[in-house]
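Dear colleague,

I am handing over the structure below, and I would be grateful if you looked through it before reading the notes that come after it.

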Amino acid sequence: MRKSYVLGCFFFAVLSASAQTTDYREKAKKIVAQMTLEEKASLCSGETAWSTQAIPRLGVPSIFMTDGPHGLRKAEGFDFTNSVPATCFPTASGLASSWNKELVKRVGEALATESQANDVQILLGPGINMKRSPLGGRNFEYFSEDPVLSGKIAAAFINGVQSKGVGTSLKHFAANNQEFERMSNSSVVDERTLSEIYFPAFEIAVKEAQPWTVMCSYNKLNGVYASENEYLLTDVLKKKWGFQGFVVSDWGAVNDRPLGVTAGLNLEMPASGGFNNKKIVDAVKKGTLSESKLDEIVIETLAITLKAKDSHQQGIVVDKAKHHTLAREASGESIVLLKNSNGILPLKVSAKKVAIIGAFAKKPRYQGAGSSQVKPTQIENAFDELQKLAKGTTFSYAEGYTSAGDTNATLLNEAVKNAKGAETVLLFAGLPDVYESEGYDRANMDLPAGHNQLIDAVAKVNKNVVVILLNGSAVSTPWKKEVASIVEAYLGGQAGGGAIADVLTGKVNPSGKLSETFPMRLEDTPTAIDFPSKDGVANYGEGVFIGYRYYDKKKIEPNFPFGFGLSYTTFSYSDIKANMTSAKDSDAITISVKVKNTGKVAGKEVVQLYVHEQETALSRPENELKHFEKIALAPGEEKTVQFQLSSRDFAYYSTTAHDWIVKSGKFDIRVGSSSRDLPLQETLDIQSTKILTPVFTRNSLLKEFKQTKNSAVIYEALTRSFTGSTKKAETEEEKKAEAFMIAMLADMPINKFLLLSGGKFTEEQLQALLQAANAK
Ligand code: BGC
């Protein structure tokens, strides 16, 4: 009952959104019909660094767009440090670790309120590029190494922001997975890898949330700049996925503006000072750019511009305290408990002497550098917040390292002295500012040497060390065995310090799960050889095997696996059920599982569903995340979680069909609490409804002719005549000889048989066979 009501609301929302889009399109069409060529061209680039061009005579308004993904950064010009105060939420790697779509939606709503209050019409986020390597400089600003997790979190974010009348910019489209030479590098990626790994997060977000804009990336894709890549911007984004908004260039990503118009790039940002507009006018006059294409591009931009302006609300006041509380909640849910020996956390109320070590406890690292950098409305630190929450405890403090991450004998001695006298040590470590930023990649996965030295020294004198990490992307933890507990707090935003205190004291039960694998060593990573680019080319040689897809396939033990995270309670999984175990891929298949809180405190669990194909047509990952749900459970409580599967959950991308294809066969549905802990399994026998009809050519291999009824006859006839046997092999000897010949012939293109036959098998006969094989 409730489900169909929810579905009803969803369809209503989709219908009314597209009706609105049509209205604005109609209005835009009428206005564009009255424009001069120069006016149309003027709408193809901005007026300033952040605003679009107005045409007062036609009532075309100007709209304002600015970063960013985890907080509003409304700056004057390009001075990133001088922006309006805004709530700084956890950065994307943290937010995604919450796996909580509803929470992310609420963060989106708050971001929109702050945008409305500051007269911002489009917020430049979310960033959803895949984490191809742990070294990606902007990994802190991206959600995950998995496209489903990224896409679903992005859709929630966009729906949140846009529900309050502010647009988003889904970025950076596409294959922008490194910072090194980001404006010139060419990402060389095959069609299947693009479709299965680098596109789906964008596809999910576009189909489920229709962002008002998509931002094209700086890099080239297979040799063509994203800003003038027709395949990307028009064929895939607009035609295949039905994107209804406009494409904006990343700031400065335009190479050849008229080519960009032809490819589907609507708006160049920032303003080009008019010179690119002139190029557009010239190109139309010369006939190298069609004016109707220009019209189409301008209509798309104008439709969103009109909608954005109409959606602006006057007089919005931000409740800063409320947003700060939300930031603390979001940060708390983003924290991932990686290790907790002997239940050392939460801190016992009886612990009277606790040593806090590490400068990050008082001066936290809470966001990354670059265009997403926010000026927070306030900053909490864990040192102060812990004093408020654990009243009976005495906290000592030692700085441990300098702001650059170095340490020295004096700092180490002071830290060791504090640690010796304490029941528990809370040691704050992580990556200093300069280690992670837009514009360059990381050199390695390590913490600064000073942080590692500090942890080693302290762990030698105290068994109860809790390491709290503040960083935006995967790091190595060489001291893992020497410490009792590890808390990954990510870049938690302005309330990160409070959120850490909440988790350490047990006020919040940690429920984050890693949205990226923490590898053991850099050499183990899928891009160890090919990252970053060499000679301007980033070769995506690992194909679809990024993140856990790679570690699973290679049976490499990660330091901490994708989807992993501990809780202060325990959960049990049972009763996996499918409403049908033999089904067509188009059937409505439902999987249900029971999850129970078997511990003593309330907690949240992320239930993860992965699909494994038993016999694959081509090399596929062992397990792929297809669905997830976060649920809250009181002690002893049990809930049933349901997942609706669709044909896409079983499909691979076929480069022959240029489409998603399911191969009939058995699929294991695996459910559990991380990519490496999937206790439940149900096997489904799936019948594909979309059969790929092969097209046979003179270059088709003999074995391929086994595929259809028509071609199988040819296969039989050819093998028989070329193995030289007119009758079926009977003796062991005959069978062996025949098997040998068949194996030799199987991989030959059939045109080779012309040669092998010494002229007996003719081209005419071959053509006749092909016609018969291809007959419908
Ligand atoms: C970044 C974008 C950002 C834009 C505007 C670019 O350098 O790549 O993510 O939205 O600047 O600040």
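Predicted model: local features only at pLDDT ≥ 70, side-chain atom pairs only at ≥ 80, totals over all residues.

The mean pLDDT of the chain is 94, and 96% of its residues reach 70 or more.

On the aromatic side, the structure holds 19 aromatic pairs. In one of them, the ring centres of tryptophan 99 and phenylalanine 628 lie 5.2 Å apart with their planes at 85 degrees, and the pair is therefore edge-to-face. This pair joins distant parts of the chain, as tryptophan 99 is in the loop between α3 (92-97) and α4 (101-117) while phenylalanine 628 belongs to strand β22 (residues 624-633), 529 residues apart. Both tryptophan 99 and phenylalanine 628 are buried. Another pair is formed by phenylalanine 199 and tryptophan 241, whose ring centres are 5.6 Å apart and whose planes stand at 85 degrees, so that this pair is edge-to-face. Here phenylalanine 199 comes from the loop between α6 (191-198) and α7 (200-209), and tryptophan 241 from the loop between α8 (230-240) and β9 (246-249), 42 residues apart. Phenylalanine 199 is buried, with a relative accessible area of 3%, and tryptophan 241 is buried with 8%.

Ring pairs also link Trp99, Tyr548, Phe562, Tyr610 and Phe628 into a cluster. The charged end of lysine 101 sits over the ring of phenylalanine 628, 4.6 Å from the centre of that ring. Elsewhere, lysine 362 lies over the face of tyrosine 397, at 4.0 Å from the ring centre.

Turning to the spaces in the model, there are eight cavities of 30 Å³ or more. The largest cavity has a volume of about 90 Å³ and is lined by 14 residues, of which Lys131, Ser133, Pro134, Glu145 and Thr517 lie nearest its centre.

As for the backbone, the peptide bond from glycine 125 to proline 126 is cis, with omega near 5 degrees, and proline 126 is found in the loop between β3 (122-123) and α5 (147-162). The bond from methionine 269 to proline 270 is also cis, with omega near -10 degrees, and proline 270 is in the loop between α9 (257-263) and α10 (275-286). Glutamine 210 has a positive phi of about 40 degrees although it is not a glycine, and this residue is partly exposed, with a relative accessible area of 25%. Lysine 555, in the loop between α17 (548-553) and β18 (571-578), has a positive phi near 50 degrees and is exposed, with a relative accessible area of 71%.

Finally, glutamine 313 lies in the loop between α11 (291-311) and α12 (320-334) and touches Gln116 and Lys164, not counting residues up to four places away in sequence.

With kind regards

Definitions and conventions
Residues numbered from 1 in each chain as written. Heavy atoms only, no water. Phe/Tyr/Trp six-rings, centres within 6.5 Å; stacked < 30°, edge-to-face > 60°. Helix = DSSP H or I, 4+ residues; strand = E, 2+ residues; numbered from the N terminus. Buried < 20%, exposed > 50% of the residue type's maximum accessible area, 1.4 Å probe, protein only. Lys NZ or Arg CZ within 6 Å of the ring centre and 35° of its normal. pLDDT = per-residue confidence, 0-100. 1 Å grid on protein atoms, 1.4 Å probe; cavity = no way out; pocket = protein on both sides within 12 Å on 5 of 7 lines; lining within 4 Å. Points joined across faces, edges and corners; volume = space filled by probe spheres on them. Contact = heavy atoms within 4.5 Å.
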